Amino acid sequence: MLEQRFSSPADCRQLIASRNDGSMPQEPYQRIMQSVFEKLLRRKCLEDPNITMLFGTFDGLKESDDGVISTLALLGTCANTNVHSRYVIGCDGSKSRVRQAVGINMHGEQLPVKYFLVHFRSKDLKRMHCQGPFWHIFYINGGVLISQDEIDTWTIHQAFPLDVDPSAVNPMDVIFNVLGGLVGPYMIDVDEILVSGFWRPSTYTANAYRSLEGRVFLAGDSAHQCIPTGAYGMNTGVGDGWDVSWKIAAVLNGFGGEQLLRSYDNERKPVGLRNVARSGELMQVHLTYLEWVQSASEGCLHSADSEAGRVLREKIVRHVESNDTEIAEEGLGLDYRFPDSPVVVSESTPQQPNWELLHYTPSTLPGHRAPYLVLSDGLTSTYDLYGPWYSIFDFSADGDAAKIFSNVAGKLNIPLKPVNLPGESHVKRTWEREAVLIRPDGYVAWRSSPTAGLVDENTAKAALLIAVGS
Ligand SMILES: Cc1cc2nc3c(=O)[nH]c(=O)nc-3n(C[C@H](O)[C@H](O)[C@H](O)COP(=O)(O)OP(=O)(O)OC[C@H]3O[C@@H](n4cnc5c(N)ncnc54)[C@H](O)[C@@H]3O)c2cc1C
């Protein structure tokens, strides 16, 4: 068995606290089941007085100069309901009716295979953990087993040809056959089948994330569909929501401009394309050794006496060790960069930090996520000091840049929080500049020049106008 080990979130948290060198994210990763995550989001939405939740079906929309009229068939009502809004974000999954309504096409491909998923409960830990606790196990019969909580909830996927007869697929048999690998069914006690059904691995991306008329945006699977290898689907969707929501809010609050809305497609589509492509590459890592296994002579792989089996086992181990970095790709998960965004002030000769697949490299270069650091009080972090909208960090003794930015922002009606940190030499050294303008999403919109001296009003005005997309 080939093993890849992961730290627990508690260990990651300790590492983050012990480093404090600006190279770490604020939070560790966290494994969470979709059903748990969706319940949590639903509760948050219900608790938020700014959110009205309606249940039913979206049937279509019409865009006009001043807004969008969406037609909804709400649960418990017979007639359709028309809802007027300034903007619409279509988060309605891979078959998105919103995407269809605004005529945005997808490009990409579907693999010529179907997967059968069984989400089930089993307390048979003695058998399930017979080789120790795990997160994912990839079997050489093409099956995958995922431990959802280390207690009693698991998911199994098994590949089938496209023309499989669905009525001939029994979820219990799928569980036993996958767990048995190439040897034969492995019987465990199953307490409950929670969900089962087919899904098809797809790598599709929408040709645009915003409608031509400009009032409808796509986010999540309506904009991109990753294969689950890499676990990028939901993560990419959450990133879209984080990006588009503050931009629309800035426009609705009167200080955001058209470029801010335009920048959503510019910033997020490349991330979608990259993550979708990577999910396909990771899938290919598994498909490659499965092809080797299929063309090997029967029984050789698990025979201790077979020289061909030994050679193939070693070949698979080498292949997986050098190609499979699934779940460990922090660079891809966290280090998305927008240096060419129309709403950041690009530097003329930027010293881009190397982008690395496995490592996250924060930076105060415009279009990058600013480094997370804890201040000298040992408690407050740079992120704690961000305002709800824009923030200007100023590490100088007199705080002149913060004062000038605040003054100009006041005249332009742009909400800005000044943060003057004269004693924080460690943060200043890591953030590399005396003054840094942070967007509401923690990205850098502008930073002072290392040589140009005092920031003047014109510089502040130009930076702020670009940052709000005027
Ligand atoms: C087998 C599998 C494993 C996966 N594993 C991972 C993983 O480990 N990590 C990860 O990050 N991602 C994973 N994903 C991807 C993840 O599930 C999706 O990326 C994510 O669910 C997309 O969220 P979404 O809100 O955009 O779309 P969806 O989750 O598809 O939600 C869309 C919602 O819109 C509703 N809807 C659709 N049409 C209408 C309509 N006309 N009217 C009203 N409502 C409508 C649907 O009912 C649904 O509730 C996996 C996907 C699969 C298939």
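Angles between packed elements are sorted by size: those under 35 degrees count as roughly parallel, those over 145 as roughly antiparallel, those from 65 to 115 as roughly perpendicular, and the rest as oblique. Helices (H or I, at least four residues) and strands (E, at least two) are DSSP runs, numbered from the N terminus. The structure is a predicted model, in which local features need pLDDT of at least 70 and side-chain atom pairs count only at pLDDT 80 or more, while totals for chains, interfaces and linings use all residues. Residues are numbered from 1 along each chain as its sequence is written.

The protein chain has 12 helices and 17 strands, and its C-alpha atoms fill a box of roughly 75 × 60 × 35 Å, taken along the principal axes. Of the 470 residues in the chain, 32% are buried, where a residue is buried if 20 or more other C-beta atoms lie within 10 Å of its own, exposed if 12 or fewer do, and partly exposed in between, with C-beta atoms placed from the backbone. Taking contacts between residues at least 6 apart in sequence, 65% join residues at least 24 apart, a contact being a pair of residues whose C-beta atoms, placed from the backbone, lie within 7 Å.

The chain is divided into domain 1 (9-106 + 206-281), domain 2 (112-200) and domain 3 (332-467), with bounds that come from an automatic or database domain assignment. The C-alpha centres of domain 1 and domain 3 lie 26 Å apart, and 22 residues of domain 1 are in contact with 22 residues of domain 3. On the side of domain 1 that touches domain 3, the elements that give two or more residues are helix H6 (233-252) and H7, and H7 gives the most, with 9 residues. By class, that side of domain 1 has 7 nonpolar, 10 polar and 5 charged residues, where Ala, Val, Leu, Ile, Met, Phe, Trp, Tyr, Cys and Pro count as nonpolar, Asp, Glu, Lys and Arg as charged, and the others, Gly among them, as polar.

The two helices named there also pack against each other. H6 and H7 have axes 10 Å apart and an angle of about 175°, and they are therefore roughly antiparallel to each other. Axes are lines fitted to C-alpha atoms, for helices over the stretch in contact, and angles run from 0 to 180 degrees between N-to-C directions. The contact includes Asp 240, Asp 243 and Lys 247 of H6, together with Tyr 264, Glu 267 and Arg 268 of H7, and its residues divide into 7 nonpolar, 5 polar and 5 charged.

Helix H7 (residues 258-295) has another partner in helix H8 (residues 307-323), the axes coming within 10 Å and crossing at roughly 175°, so H7 and H8 are likewise roughly antiparallel to each other. Here Val 285, Thr 288, Tyr 289 and Trp 292 in H7 meet residues of H8 that include Leu 312, Ile 316 and His 319.

The interior can be followed through the nonpolar cores, each a set of buried Ala, Val, Leu, Ile, Met, Phe, Trp, Tyr and Cys residues joined through C-beta atoms within 7 Å. In the largest nonpolar core, which has 59 residues, Phe 405, Leu 437, Ala 445 and Ala 467 touch the most other members. Helix H10 (residues 400-412) supplies the largest share of this core, 6 residues. Domain 1 and domain 3 both give residues to this core, so it lies between them. Another core, of 12 residues, lies apart from it and has among its members Phe 120, Leu 145, Val 174 and Val 178.

Phe 405 touches Ile 392, Leu 416, Pro 418 and Ala 460, not counting residues up to four places away in sequence. Val 343 lies in the loop between helix H9 (330-334) and strand S14 (390-394), and counts as buried because it has 28 C-beta neighbours inside 10 Å. With residues up to four places away in sequence again left out, Val 343 touches, among others, Leu 260, Ser 263, Ala 445 and Ala 467.

Asn 413 has a positive phi, near 60°, in a residue other than glycine; Asn 413 lies in the loop between H10 and strand S15 (416-420), and is exposed, with 10 other C-beta atoms within 10 Å.

Key
Contact = placed C-beta atoms within 7 Å.
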